Structure formats: structure tokens, C-alpha cells
Amino acid sequence: MAKITFIQHSGAEQTVEGLPGMSVMEAAVKNMVPGIDADCGGACACATCHVYVEPDWVEKVGARNAMEEDMLDFAFDVRDNSRLSCQIKISDALDGLRVKVPEKQF
Amino acid sequence: MSDVITTDAVIIGAGPCGLFAVFELGLLDIRCHVVDILDRPGGQCAELYPEKPIYDIPALPVVTGAELTSRLMEQIKPFNPTFHFNHMVTGVRKLGDKGFELETDGGLVFRSRVVVIAAGGGSFQPKKPPIPGIEAYEGASVFYSVKKMEALRGKDVLIVGGGDSALDWTLNLQPIARSLTLLHRRDDFRAAPDSVRKMRELSEAGKIHFRLGQVTGLKGGDGILEAATVKGNDGQSFDIACNAMLPFFGLTMKLGPVAEWGLNLHENLIPVDTEKFETSVEGIFAIGDINTYPGKLKLILSGFHEAALMAQKVFKLKNPGERLMFQYTTSSSSLQKKLGVS
């Protein structure tokens with residue numbers, strides 16, 4: 001079990017629990033975290049689960065994959081720490097992960 | 001206004017459930033017109049995951065979205081449905097006991113005995129980038145699709161994005177625009193390699209400008225754009241002068257006009273019964289991802305089942321008093337005749 005904290009644009013925080021193997025997007029959707037739309041349901045095909053990984057976690061979360069890099073072309077305000085949360089797999093190493101939710105997914 | 005199209009059923013949405021509805025209705029001699037906002041059949045299977053495998057279609061251990069769509073198209077061929085692509089149904093009005101009048105944003109008008117809403121997650125609409133104040137320019141200087149190329153002749157055009165739409169319109173508009181800038185967040189494209197090559201040639205020849213960065217603000221007044229403020233990849237901001245901007249960030253699903261048709265809604269879904277999959281208005285049905293009922297699962301196979309049961313009630317509405325004999329396609333010669341196999 002890993003705890004993941006979603007920080008809304010307003011600053012409001014919500015911490016949810018995810019099982020290893022699940023994606024960060026799935027943990028968000030399961031717990032109805034606002035702002036993670038996930039139109040395509042996790043197929044890396046829509047870029048509506050965009051998050052900004054907090055600086056101390058960027059390295060642990062790892063790099064974007066090629067398909068994700070392509071899909072980020074359809075996200076808004078992409079930054080160095082942008083990830084699609086459907087492509088971040090939860091593991092014990094990510095217990096305590098903090099990500100910011102963009103103001104709007106589109 | 002164009003001529004009115006008269007039919008038994010209008011199906012809104014050409015995704016897998018809408019397509020299979022043509023089959024189930026066709027077996028009962030109900031003639032269908034299918035309307036979809038996309039330019040091809042398949043719905044989410046075409047737009048979101050044409051190449052992704054689906055593993056839970058009965059008897060097909062693995063099938064891609066594109067393949068499922070083409071198999072359904074083959075299966076419904078005997079019923080010869082009429083497709084109306086690039087149209088969004090905007091209005092549905094009840095015509096007494098005689099059915100419904102529907103209209104699309106492209107000016108089509110239907111008179112139909114029944115309406116089958118198979119609109120999935122809603123209609124695919126262009127993503128609108130949340131740039132502050134962008135709404136004021138939409139329709140006058142900011143366009144999410146190109147309806148008439150001529151409107152952009154002689155303009156200073158800024159195209160934003162790196163997919164096929166951005167690349168295609170860069171190539172198409174370059175000859176008629178006064179100037180054209182393509183802005184993308186990286187020097188890589190998710191588009192047809194041939195288009196990318198042609199774009200790079202134009203850029204090298206100085207016929208277009210290719211810049212790296214993301215739009216953060218717009219300048220202008222009264223809906224007329226003068227410049228877009230861009231944050232470059234080095235963090236520096238600069239302005240690109242333009243009087244037309246075309247952002248291409250793909251499509252997203254919005255419920256759209258369905259909400260205005262007087263149907264009961266529950267959290268953007270349409271509640272239906274589980275016998276006929278009919279909405280709160282008799283004669284309007286909802287199948288597939290867009291409906292809700294106790295135990296609903298958003299699975300393609302559930303939508304197929306819903307289509308079969310919906311068709312039974314449509315038959316009764318079309319043929320009041322007539323008894324519908326339940327038949328199997330394996331053994332019924334009349335069904336086989338309709339399918340063109342006997």
C-alpha cells in the first residue's frame with residue numbers, strides 16, 4: 001500500500017491509498033480525486049490525467065515513456081515535471097508521492 | 001434548410017453500440033440513419049484507441065478498436081444504414097405521437113419514429129486550451145477547426161500543436177496565409193512522417209516559421225487577435241504577431257447538447273429501465289456508455305445486449321398490436337433472407 005497525495009490548484013490536498021501495480025490515475029479515479037479526468041480509461045490515449053510531480057519525487061517516479069511523451073503534446077502547460085498519471089505505476093518506493101493537479105485538464 | 005429525412009430510427013453515435021443497434025433493428029426491419037460528430041465510424045474505438053487491443057469481446061480473444069469497428073461495419077452491411085458523419089445532433093423535439101424531429105449542426109433535419117442515443121461519453125469536441133481570455137477570440141480569431149479555408153487567406157496564422165491536424169493545416173494554409181507560424185512544445189511530432197518532412201522543407205525555405213514553446217497569453221481587443229505571448233523552452237517569453245490562431249490539442253468528450261433534450265439525467269448519464277433501455281421520454285432510448293441503471297457496467301458487450309432489448313420495444317412502437325415472433329439467425333429463413341445469406 002502506498003499513500004499518494006494530490007494537490008489541487010487551489011492548494012487543497014487529498015491523500016489516497018493505492019496498491020502496488022495500480023497506476024496513480026487509477027488510485028485517483030477510484031477515490032474521485034477532482035481534476036483527473038482520464039477520458040480514455042488508462043490507454044495513454046487522451047492526456048487528461050496530466051499531473052506535475054513534486055520536485056523531490058521526480059527522480060523516483062522516473063522518466064516519461066515515448067508514447068507518453070507523444071501524448072503530452074495534447075496536454076496544456078507541459079513542464080519538465082509533467083507526467084500522465086496513468087503511466088506512473090505505484091510501488092512501495094512511491095509511498096508518500098506528491099503530485100499537483102493542473103488547474104484544468106482542458 | 002435541406003429536405004427532411006424521414007426514417008424509422010435515428011441512432012446518435014457510430015461507436016460499437018450504435019453500429020450493433022443497426023444490426024438488431026435491421027433484423028426487425030427497422031430502417032436506420034446514423035449520425036456521428038467524427039468523420040468515420042468507431043467512436044472511441046476509432047478516436048481513442050484504434051490500435052489498442054480489447055480483450056473482453058465475447059469470442060474474440062483479442063481485437064483492436066479499428067478491427068472491431070470494421071467487423072461491425074461488415075456485419076451491418078446487409079441493412080444498408082445511411083451514415084451522416086461530421087454532424088452533431090443539436091436538437092431533438094417531440095412531434096406529438098408521431099415521433100421526433102432532430103436537427104444537426106450541419107443543417108440536416110430528420111423525422112424519426114424513435115431516437116437511439118448511443119453517444120458514449122458524449123460528443124468528441126476539440127480541446128480548448130485554458131489560455132486566459134481565449135473565449136473572447138473564439139470564432140473571430142481563434143478556431144479549433146477549419147470550416148472554410150478562404151477565411152484564412154491573407155492572415156497571419158499561428159498554428160499550435162504537433163499532431164496530424166497541426167501539420168496538415170500548416171501545409172494546407174501555407175500557400176494562402178500571409179504568414180504562418182507553427183508553434184510546438186518540442187522538436188518532435190506525432191504525425192505522418194511525410195507531413196513532418198514537408199513542413200521542415202517549408203521551414204528551411206523560410207516559407208513558414210517553426211517555433212518551440214507554449215502559448216501563455218493572448219493580446220488584442222474586441223475579439224481581434226494581435227499577438228500570442230509564448231513561453232519558449234528556455235523559459236524566455238516572446239510574442240508572435242498573428243490575427244488568427246488555430247490550436248490543435250486533440251479531442252475530448254463532452255456530453256454536449258444531450259443535456260438540453262428534456263431527458264432525466266443523473267451525473268451526466270441517462271437513466272434507463274433494464275427491459276427496454278428507454279429514457280424518461282417514450283421513444284427515446286439510450287444504450288452503451290451513456291446510460292445508467294442499477295449494476296451498469298460500461299462494457300461494449302453490455303451495450304450489445306442493450307441494443308438487442310431496445311430493438312424489441314422499437315418494433316412494438318413501429319408496429320402497434322403486431323406480435324413479434326422471437327427467432328434465431330441460425331434457423332430462421334426470414335432472418336437469413338434479411339442478412340442476405342439464404
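Chain B has a mean pLDDT of 95, with 99% of its residues reaching 70 or more. The structure is a predicted model, and its overall scores are an ipTM of 0.88 and a pTM of 0.81. For chain A the mean pLDDT is 93, and 99% of the residues reach 70 or more. Within chain A, confidence is lowest in helix α3 (residues 66–71), where the mean is 93, and highest in strand β5 (residues 97–100), where it is 98.

The secondary structure of chain B consists of seven helices and 19 strands, and its C-alpha atoms fill a box of roughly 70 × 45 × 40 Å along the principal axes. The chain has 342 residues, of which 39% count as buried. Among the contacts in chain B with a separation of 6 or more, 59% are made by residues 24 or more positions apart. The domain assignment divides chain B into domain 1, given as 4–124 + 252–338, and domain 2, given as 128–248; the C-alpha centres of these two domains of chain B lie 37 Å apart.

Helix α3 of chain B, formed by residues 65–76, has 12 residues that should span 16 Å at 1.5 Å a residue, and the distance of 17 Å between its end C-alpha atoms agrees with this expectation. The buried residues of α3(B) are B:Gly65, B:Leu68, B:Thr69, B:Leu72 and B:Ile76. These residues cover an arc of only 100 degrees around the axis and are therefore placed on the same side of α3(B). In general, an α-helix has 3.6 residues a turn, so residues three or four places apart point the same way. The elements of chain B against which the buried residues of α3(B) pack are α1 (16–27), α2 (44–47), β3 (53–54) and β4 (63–64).

In helix α4 of chain B (residues 164–173), the buried residues include B:Ser165, B:Ala166 and B:Leu167, together with B:Trp169, B:Thr170 and B:Leu173. The packing partners of the buried residues of α4(B) are, in chain B, the strands β10 (156–160), β11 (179–184) and β15 (244–247) and the helix α5 (193–204). Helix α5(B) has 12 residues, and the 16 Å from its first C-alpha to its last is close to the 16 Å expected at 1.5 Å a residue. Just after α5(B), a positive phi of about 75 degrees is found at B:Gly206.

The loop between β10 and α4 of chain B contains B:Gly161, which is counted as buried because 26 other C-beta atoms lie within 10 Å, where the cut-off for a buried residue is 20 or more. When neighbours within four places in sequence are left aside, B:Gly161 is in contact with B:Ala166, B:His184, B:Pro247, B:Phe248 and B:Phe249, and also with A:Asp73 of chain A. By contrast, the C-alpha atoms of B:Gly161 and B:Ile30, which are 131 residues apart along the chain, are separated by 44 Å. The contact between the two chains takes 18 residues from chain B and 15 residues from chain A. By class, the side of chain B that touches chain A has six nonpolar, seven polar and five charged residues.

Most residues other than glycine have a negative phi. A:Met32, although not a glycine, has a positive phi of about 50 degrees, and this residue lies in the loop between α1 (24–30) and β3 (50–53) of chain A. With 9 C-beta neighbours inside 10 Å, A:Met32 counts as exposed, since the cut-off for an exposed residue is 12 or fewer. B:Asn86, likewise not a glycine, has a positive phi of about 60 degrees and is placed in the loop between β5 (82–84) and β6 (89–94) of chain B. Because B:Asn86 has 14 C-beta neighbours inside 10 Å, this residue counts as partly exposed.

The loop between α1 and β3 of chain A also holds A:Asp37, which is partly exposed, with 19 other C-beta atoms within 10 Å. Not counting residues up to four places away in sequence, A:Asp37 touches A:Thr48, A:Cys49 and A:Gln105. The C-alpha atoms of A:Asp37 and A:Thr48 are separated by 5.4 Å, with the two residues 11 residues apart along the chain.

Definitions and conventions: Residues numbered from 1 in each chain as written. Chains lettered and ligands numbered in written order. Predicted model: local features only at pLDDT ≥ 70, side-chain atom pairs only at ≥ 80, totals over all residues. Helix = DSSP H or I, 4+ residues; strand = E, 2+ residues; numbered from the N terminus. Expected span 1.5 Å × (residues − 1). Arc of directions from axis to C-beta. Contact = placed C-beta atoms within 7 Å. pLDDT = per-residue confidence, 0-100. Nonpolar A, V, L, I, M, F, W, Y, C, P; charged D, E, K, R; others polar. Domains from an automatic or database assignment.
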